Amino acid sequence: MSHSTVDAYPGVAGVVAAASAFVRFRPGLCTLRVVGRSREGRPLYLLTVGLDRPRVRNILVVAGPHSDERVGAASALRIAERVALDPQLHVGAGAAWHFLLCLDPDGTLRSEKGPVVRRTPAKHFRHAYRPPADEQPEWAPSIRPPGDQLPESEALIRLIDELRPVLQCSLHGNDIGGSWIQLTRDLPGLAEPLGKISAERDVPVQTGTYDALYWQASGPGVYLMPEPGERAQFDSLPEDVSRSTWIRPHAYGGMTALFEVPMWASPGVSDTSPHPDPARALADLAVLLRHQSGLSRATLAEVRPFLPAGEDAARLLRIVEGLVTMGPRVADEWEGMHPSPVRLSRAHLHALDIAARRMSLRTAGMLLQLLAAPSESAEVVRLRAAGERRLARWAADLAAGHGLTWLPVPVQVDLQTETVLAAFRLLAG
């Protein structure tokens, strides 16, 4: 399990095989066990590095919380290797590390249909699979009723209750942007190593985000969860961070940190200068989002008569319907954001522009996935060709407006690994 220079994401099966081999080479230090099963019956594997000792401080690392964010599995393996090779990270720190290798294996396998090597934005969104929030294991407990929880969510909650981690590290990846961290409790000083690690890899630190626009900054690129009762996110988003799995370690005095690294770096997300006309920019984004959502809605109406039968098509259809419904709601909310309770910088508007275009690109990509089956119908051929052209055009527009630089997978992994270890060292003192 060496630091590979191959510019590719590992698959679900490859990650488990690598972890199994890792355990065979370090049988006294490492174990691998199944801690639950997915909705479709796939095992959820936990790799542990460190000895079971009294009063050990447990660190839980969660990879694959979102199915289209595939860097986390490779990072988990890399962090496990670093920990195993450095006793100061386990014995010396009185710690044991636990790596949940993929929280959503069902969704991740669907995302694996896309290219595993360097890709273009069009190819990425053409194949990306992103379920709605109530089917995302970290968010689902905040949306679904208590008696209808995902088995993946329940497995993670059981694991947190068993380990009582002092730190839960959730490994995320953003399509386009920079590096940043969300914390449920402050780790003073974390912004400094984040900035240094990112600068050494020519990755911008993201100082404006769609996800944490209302979160207070502890330092550049480090965001603190709002206090109970304070606004945490846009009203158009259904999830509630205060009832997510991120909060579960608080019951045991622990905390959660989310580590975001980009596939494509975009320098605009680090521009802290005030935006000269945020109201106009927000109105323009609302127009763009309504327009693209309307085109997707019209395409969906054309596609419906040709939809294949089966669970996969029904699953994709639900996602697309949710996205075309959400688009106008998000547009309305952004249009009404001025005056904003947040001082909007150029970085914020860059992040919102990316979020709007990403929403449309995900919709376009999954509409094409609905039309993936070979067909003799001239209408299906026409719809597919038109969809491919639209996806390519929207992806090109996004790339042209944001100066994208692809980050090789080993750079993504290295960036995420070093920021996790920096957070651990701060926590461990």
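## Two helices side by side

Helix H7 (residues 278-303) and helix H8 (residues 311-335) pack against each other with their axes 8 Å apart and at an angle of about 155°, where axes are lines fitted to C-alpha atoms, for helices over the stretch in contact, and angles run from 0 to 180 degrees between N-to-C directions. That makes H7 roughly antiparallel to H8, since angles over 145 degrees count as roughly antiparallel. The crossing of H7 and H8 is left-handed, a word used if the near helix is turned anticlockwise from the far one by less than a right angle. The helices (H or I, at least four residues) and strands (E, at least two) named here are DSSP runs, numbered from the N terminus.

This is a predicted model, in which local features need pLDDT of at least 70 and side-chain atom pairs count only at pLDDT 80 or more, while totals for chains, interfaces and linings use all residues. Residues are numbered from 1 along each chain as its sequence is written, and side-chain values use heavy atoms, with hydrogens and water left out.

## A buried strand and its partners

All 11 of the 11 residues of strand S9 (residues 255-265) are buried, so S9 is largely enclosed by the rest of the structure; buried means under 20% relative accessible area, exposed over 50%, and partly exposed in between, with a 1.4 Å probe and protein chains only. Strand S9 pairs with S5 in the parallel sense over 10 bridges, and two strands count as paired if DSSP finds at least two bridges between them. In this pairing, Gly173 stands opposite Val261 of S9.

Strand S6 (residues 180-183) is joined to S9 by four bridges, and these two run antiparallel, with Gln182 having Leu258 of S9 as its bridge partner. Strand S10 (residues 405-406) is also antiparallel to S9 and is joined to S9 by two bridges, and here Trp264 stands opposite Trp406 of S10.

## Nonpolar cores

The largest nonpolar core has 43 residues, of which Leu47, Val49, Trp97, Phe99, Leu183 and Phe259 touch the most other members. Such a core is a set of buried Ala, Val, Leu, Ile, Met, Phe, Trp, Tyr and Cys residues joined through side-chain atoms within 4.5 Å. Its largest share, seven residues, comes from helix H2 (residues 71-85). Apart from this core lies another, of 35 residues, which includes Leu282, Leu288, Leu300 and Val330.

If residues up to four places away in sequence are not counted, Phe259 touches several residues, including Leu171, Trp180, Ile181 and Val420.

Ser198 has its place in helix H6 and is buried, with a relative accessible area of 0%. Leaving aside neighbours within four places in sequence, Ser198 is in contact with Ser179, Val203, Val205 and Leu415.

Most residues other than glycine have a negative phi. In Arg164, however, phi is near 50°, a positive value, and in Asp202 phi is near 55°, also positive. Arg164 is found in the loop between helix H5 (151-163) and strand S5 (167-177), and Arg164 is exposed, with a relative accessible area of 52%. Asp202 lies in the loop between helix H6 (191-200) and strand S7 (216-219), and Asp202 is exposed, with a relative accessible area of 68%.

Definitions and conventions. Contact = heavy atoms within 4.5 Å. Parallel < 35°, antiparallel > 145°, perpendicular 65-115°, else oblique.
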